[in-house]
Amino acid sequence: MAIFTGAGVAIVTPFHEDGSIHYDRLDELIDFHCENGTDSIIICGTTGESATMTEQEHVECVKFAIDRAKGRIPVIAGTGSNCTRTAIELSKEAADYGADGLLLVTPYYNKATQAGLIAHYSAIAKEAKAPIIMYSVASRTGCNIEPATVAYLVKNVENIVGVKEASGNISQVAKIMALTDGEIDLYSGNDDQIVPLLSLGAKGVISVLSNVAPRETHEICEKFFAGDIEGSRELQLKAIPLIDQLFCEVNPIPVKKAMKLMGKDCGPLRMPMTELTPEHEKTLAQAMKDFGITLA
């Protein structure tokens, strides 16, 4: 049984102006998602700026989200690292505390061979007893999980159950589904490809768009699963201009600005990320209004 089906939000991490985590605002965001159709919260993923968190901040943030969700929807902890030992320790803490699942991005900069990825994920799975979703996003990490590697790990490591696929390569996704006979929990990692991946058997999406349009992102999946393919496709296509603007600069720069425009100020970005340019803020705001989002 999948950890979740539908739209999981790759939730942003709110910060105070001094850079510390704004837990009161995070609490509000968790309630917002629980009340607006989001099917799972992915805390401390890469959209949550986990790469700039200390290990202590990371663990505290994960535990806070689990406590505040109160079992209303699943909480998946982003616990990946380019250091296998660090990923093991983060994953063990999250699993032991009660995370419903773990999302593990591929090692970045040092990357890995496919044999290295098998060793990396197997080592984490051996020590962290929670369902694991691998995260393949070579555009950010420089490291792709090849379909044969995905299939090997899902078939041979009991608690590795799926993959967040953000390669943008539909052929790669199709090959993963073929090699696993569809016996995998595959999630789209790209908001502009939700429907195409659902058509290949994906369980849903781990979404940036859900931060600002949780109900609509949920409905893209819900309509598809209910057999309303046309309705699902219409929503997907309607969202494309907004999705484009949410990625007009490096994620999560635009989505944090979008939250502020909605009146849900999540504070500054941690350097080396900087604020959205005024020109892009204007086009983002227009795309949000065109989609039907009320601005503050």
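Trainee: Which element gives the most to the lining of the largest pocket?

Mentor: That's α5, with 3 residues. Keep in mind that this is a predicted model. Besides α5 (138-141), the elements giving two or more residues are α2 (55-69), α3 (84-97), β4 (101-105) and α10 (229-246).

Trainee: What makes a residue part of that lining?

Mentor: A lining residue has an atom within 4 Å of a pocket point. For the largest pocket, 43 residues pass, and Thr46, Thr47, Tyr135, Val137 and Arg140 lie nearest its centre. The pocket's volume is about 940 Å³, and its lining divides into 17 nonpolar, 17 polar and 9 charged residues.

Trainee: Which residues does UniProt list for "active site"?

Mentor: Tyr135 and Lys164, from an unreviewed entry. They're spread over 30 residues of sequence, yet they cluster in space, with a largest C-alpha distance of 4.7 Å. The lining of the largest pocket takes in Tyr135 and Lys164. Tyr135 itself sits in strand β5 (residues 132-136).

Trainee: Now the helices: how do you know which residues of α6 and α7 meet?

Mentor: Contact means heavy atoms within 4.5 Å. On the α6 side, that picks out Pro147, Ala148, Val150, Ala151 and Lys155; on the α7 side, Gln172, Lys175, Ile176 and Leu179. By class, that's 6 nonpolar, 1 polar and 2 charged residues.

Trainee: And why is the crossing of α6 and α7 called right-handed?

Mentor: A crossing is right-handed if the near helix is turned clockwise from the far one by less than a right angle. Helix α6 (residues 147-156) and helix α7 (residues 170-179) pack at about 35 degrees, with axes 9 Å apart, and their crossing is right-handed.

Methods:
Residues numbered from 1 in each chain as written. Predicted model: local features only at pLDDT ≥ 70, side-chain atom pairs only at ≥ 80, totals over all residues. Heavy atoms only, no water. Axes fitted to C-alpha atoms, helices over the stretch in contact; angles between N-to-C directions. Helix = DSSP H or I, 4+ residues; strand = E, 2+ residues; numbered from the N terminus. Nonpolar A, V, L, I, M, F, W, Y, C, P; charged D, E, K, R; others polar. 1 Å grid on protein atoms, 1.4 Å probe; cavity = no way out; pocket = protein on both sides within 12 Å on 5 of 7 lines; lining within 4 Å. Points joined across faces, edges and corners; volume = space filled by probe spheres on them. UniProt positions renumbered as here; feature names shortened; annotations may be inferred.
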